[in-house]
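Dear colleague,

I am handing over the structure below, together with some notes on what turned up in it. Please read the notes with the structure open beside you.

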Amino acid sequence: MALTTVRPEGMGFNTGRRNLVINGAMQVAQRGDVTGKTGDNTYGGPDHFSLRIGSIGTWSISQSSTAPDGFANSYKIDCTTADASPAAGDRLMFTYRFEGQDVQQLQYGTSSAKSVTLSFYVRSNKTGTYVVDLFNHDPSTDRHCAKTYTISSANTWEYKTITFAGDTSQGFDDDNGRSLDINWFLGAGTDFTSGTLATSFADLVNANRAAGLSVNLADSTDNEWLITGIQLEVGENASDFEHRSFGEELAACQRYYEKGMPQATLPANNNGYNGVIYTNVQSGYGTWHTYQFSVPKRATPTMTLFNPSSGTANKAVDVASPSVVFTTSILYGTEYGFLSAIYGGSSDSTGIKVGFSWQAEAEL
Amino acid sequence: MIEIAISNAKYLADDNGQNIAIEFQSEGETKTVMLNATGNRHYDEIQRQVAAGTLTIEDAD
């Protein structure tokens with residue numbers, strides 16, 4: 001007869017929903033792959049992660065099928081224009097951001113602040129010492145705590161676990177704002193490397209953010225860096241990665257980004273009619289159209305309206321005659337949906353069917 | 001400070017001429033954000049750049 005031991009509640013055995021990170025297995029990539037990127041907070045490839053490119057090279061970002069055993073996808077960056085000598089203030093970071101209301105359980109700002117353990121799989125052709133930090137952005141003073149990890153073998157998946165003690169000095173606002181970031185430093189100038197690494201939480205000193213970073217991933221167009229299986233959990237030990245269904249992760253990501261077209265269709269102008277909103281106009285008046293998001297957004301989102309049949313933005317087109325275009329704009333928007341106005345058609349007869357597509361973004 | 005690149009910002013008005021949103025260019029796309037969308041990263045960045053004098057929002061058409 002088999003015996004089963006059941007731990008009483010309160011024995012420190014944390015089952016279910018251990019991973020605070022969404023899309024850590026890089027399953028959801030609604031924006032598709034992007035190229036030629038140089039800006040800060042650049043999104044593309046897997047959802048809800050951003051590449052923060054501070055004047056340090058040009059990059060492609062993709063959802064890669066190169067992944068360690070047990071995973072199907074990774075987040076991959078490729079350097080397409082090198083910067084072998086970054087200026088003092090330059091830096092390259094891969095970033096994940098939490099809302100304050102999602103990290104209250106860490107009890108930051110109290111004497112009971114909890115340790116967290118970050119685990120992930122990483123791979124690069126570029127071996128050396130890297131830095132990853134937790135950045136406490138909320139509510140008044142930026143604070144940080146950093147650790148190093150090493151990629152020892154080129155082009156080989158390596159599993160890393162890093163534990164951070166909690167921040168007893170500053171907690172998080174219990175709201176939908178940016179509060180805690182995880183930043184993987186991939187290159188940095190001396191403004192970020194010239195001090196002593198802050199290995200416990202301290203008020204922000206940029207020079208102490210990435211001290212010890214021995215790698216500049218931007219120094220060659222041969223360079224690439226891949227990551228997956230990202231998990232942040234309460235406690236001082238890493239547990240097995242908590243896999244979730246695609247549907248769960250998609251819904252979680254849609255709190256921050258949603259698009260009107262099918263997952264396989266990239267959000268862009270002139271990308272066809274699959275998934276567009278159709279409506280009818282009235283001659284001389286156009287029409288208004290309301291749309292409710294699948295998932296309420298974190299905040300009132302930034303909207304982009306796409307023209308399905310040409311490269312000119314903010315246009316709906318006559319489905320039967322795409323050369324007939326209508327100006328389309330957002331009249332009202334909240335975290336729950338939007339109201340669009342379609343008007344000024346070059347040939348607007350009552351009953352014309354017009355279509356356009358959209359994306360909504362409320363990243364942190 | 002590194003910032004989100006924003007250009008060609010312009011107010012959008014409703015039928016009564018009341019400003020309701022800001023249309024702008026960023027990352028190669030024409031985007032729209034409602035007024036008073038505090039907490040939206042684009043809205044917050046527009047306000048920061050306007051306050052810094054590096055961005056001007058044109059009147060609505």
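Strands β5(A) and β10(A) run antiparallel and are joined by nine bridges, and in this predicted model the bridge partner of A:Phe98 within β10(A) is A:Leu180. Strand β5, which covers residues 91-99 of chain A, also pairs in the antiparallel sense with strand β2 (residues 49-54) of chain A, over six bridges, and there A:Phe49 stands opposite A:Tyr96.

Nine of the nine residues of β5(A) are buried, so this strand is largely enclosed by the rest of the structure. That holds for both of its sides: A:Arg91, A:Met93, A:Thr95, A:Arg97 and A:Glu99 point one way, while A:Leu92, A:Phe94, A:Tyr96 and A:Phe98 point the other way, and all are buried.

The largest nonpolar core has 62 residues, and those that touch the most other members are A:Leu51, A:Phe94, A:Tyr149, A:Ile182, A:Trp184, A:Trp225 and A:Ile230. Strand β10 (residues 178-188) of chain A contributes the largest share of this core, with six residues. A second, separate core of 23 residues includes A:Val324, A:Val354 and A:Trp358 along with B:Met34. In soluble globular proteins, nonpolar side chains tend to be buried together.

If residues up to four places away in sequence are left out, the residues that A:Tyr149 touches include A:Phe120, A:Tyr130, A:Lys160, A:Trp184 and A:Trp225.

The aromatic rings deserve a separate look, with a count of 21 aromatic pairs over all chains. One of them is the edge-to-face pair of A:Phe120 and A:Trp184, with 5.7 Å from centre to centre and 85 degrees between the planes. This pair links distant parts of the chain, since A:Phe120 lies in strand β6 (residues 116-124) of chain A and A:Trp184 in strand β10 of chain A, 64 residues apart; both A:Phe120 and A:Trp184 are buried. The rings of A:Phe185 and A:Phe192, by contrast, have planes at 45 degrees and centres 6.3 Å apart, so that pair is tilted, and both A:Phe185 and A:Phe192 are likewise buried.

Ring pairs also link A:Phe49, A:Tyr75, A:Phe94, A:Tyr96, A:Phe98, A:Phe120, A:Tyr130, A:Tyr149, A:Trp184 and A:Trp225 into a cluster. Finally, A:Arg31 lies over the face of A:Tyr257, at 4.0 Å from the ring centre.

With best wishes

How values were computed
Residues are numbered from 1 along each chain as its sequence is written. Chains are lettered from A and ligands numbered from 1 in the order in which they are written. This is a predicted model: local features need pLDDT of at least 70, side-chain atom pairs count only at pLDDT 80 or more; totals for chains, interfaces and linings use all residues. Side-chain values use heavy atoms; hydrogens and water are left out. A nonpolar core is a set of buried Ala, Val, Leu, Ile, Met, Phe, Trp, Tyr and Cys residues joined through side-chain atoms within 4.5 Å. Buried means under 20% relative accessible area, exposed over 50%, partly exposed in between (1.4 Å probe, protein chains only). Helices (H or I, at least four residues) and strands (E, at least two) are DSSP runs, numbered from the N terminus. Contact means heavy atoms within 4.5 Å. Rings of Phe, Tyr and Trp (its six-membered ring) pair if their centres lie within 6.5 Å; planes under 30 degrees apart count as stacked, over 60 as edge-to-face and the rest as tilted. A charge sits over a ring if NZ of Lys or CZ of Arg is within 6 Å of the ring centre and within 35 degrees of the ring normal. Two strands pair if DSSP finds at least two bridges between them.
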